[in-house]
Amino acid sequence: MTDPTMRFIGHSTVRMDLGGTTVLTDPVLTARVGPLSRVTRTPDAASYTGVDLVLISHLHADHLHLPSLRLLGEDVRIAVPHGAGAWLRDRGFRRVEELDVGGQLTERDVRVTATRAVHSGHRWGPRLTHGPQSPAIGHMLEANGLRIYLAGDTDLFDGMSSLGPVDVAALPVWGWGPSLGPGHLTPQDAAVAVGRIRPRLAVPVHWGTLAPMGLPRAPGRPGARMRRALVEPPREFAAAVRRARTPSRVVISEPGGSVPVPDPGTDPPPDITAGWT
């Protein structure tokens, strides 16, 4: 059995190889997502080959991205929130399953449980009523003695403490623009979540990958705000965790980087800032 590995591919896309099973979350694998442009290198095919299971947290296009799913093939196994299965099957994907909060599925030795999330579940945004809609969820993975929490997009919520403790928590710390709307964690909110969930290792995700086209190069205050939003949130998150004297360790990996996964029952690695430029 191979050692577990984890890679932050970018935005909310995380690849986990757990024993003989490969899980990919919210795949965004292209240079463009609608009006958003990727500001990091587009993932190569090796980063998403051999995927056994895709986990979708909600229907927003930067999480359920049809062109990226098609790169994985129409026969890849996909788990979506309850109510979204028919919409995705109508688009040609043949192995689609639905998960409601508390629902479970297994892929070989990996057990996945859907967890609560507080975030708009409408495909086109919280202000619309027509079109596909299903509740946003997170995911808890259990395999080979490890518990890995993948928050998806969420705000803080009552009951979050019941999710912990876990070995690894991948927590969103920003988004794709210079500001955040409702249903997101700021870096400071994500540090509060760390205190509630008590992960041995906390990994900031949902940052540094996508931006409105042209905005990072724009002059003046808008461009400057966007450039800061692409690099500062994970550092602010790590600083907030340290100020709270939380025993959790923080690993910051730039999009495309790997994350050291702690062995069950051993101490996690020290705080690491991997590949920061």
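Biologist: Is Thr13 buried or exposed here?

Modeller: The idea is relative accessible area: buried means under 20%, exposed over 50%, and partly exposed in between, with a 1.4 Å probe and protein chains only. Thr13 has 0%, so it's buried. Bear in mind that this is a predicted model, where local features need pLDDT of at least 70, side-chain atom pairs count only at pLDDT 80 or more, and totals for chains, interfaces and linings use all residues. Residues are numbered from 1 along each chain as its sequence is written, and side-chain values use heavy atoms, with hydrogens and water left out.

Biologist: What touches Thr13?

Modeller: Contact means heavy atoms within 4.5 Å. Skipping residues up to four places away in sequence, Thr13 touches Arg7, Phe8, Leu24, Thr25, Asp26, Pro27, Val28 and Leu29. A polar atom of the Thr13 side chain also sits 2.7 Å from the backbone oxygen of Asp26.

Biologist: Which strand holds Thr13, and what is the strand order in the sheet?

Modeller: Strands pair through backbone hydrogen bonds, either parallel or antiparallel. Helices (H or I, at least four residues) and strands (E, at least two) are DSSP runs, numbered from the N terminus, and two strands pair if DSSP finds at least two bridges between them. Thr13 is in β2, residues 13-18. The open sheet has 7 strands, ordered β8-β7-β6-β3-β2-β1-β17, with mixed pairing. β8 (96-99) and β17 (257-259) are the edges: each has a single partner strand, so one side of each lacks a neighbour in the sheet.

Biologist: How many bridges join β1 to β17?

Modeller: 3 bridges, and the two strands run antiparallel. Met6 stands opposite Val259 in β17.

Biologist: Which residues of helix α5 are buried?

Modeller: In an α-helix there are 3.6 residues a turn, so residues three or four places apart point the same way. For α5 (residues 233-243), the buried residues are Pro233, Pro234, Phe237, Ala238, Ala240 and Val241. They cover an arc (taken from the directions from the helix axis to the C-beta atoms) of only 160 degrees, which puts them on the same side of α5. Their cover includes α3 (187-197) and α4 (220-231).

Biologist: Where is Asp75, and what does its side chain make a polar contact with?

Modeller: A polar contact is a pair of N or O atoms within 3.5 Å; within protein, one must be able to donate a hydrogen and the other to accept it, and residues adjacent in sequence count only if both atoms are side-chain atoms. Asp75 sits in the loop between α1 (66-72) and β7 (77-81). Its side chain makes a polar contact with that of Arg94, at 2.7 Å. Asp75 is partly exposed, at 44% relative accessibility.
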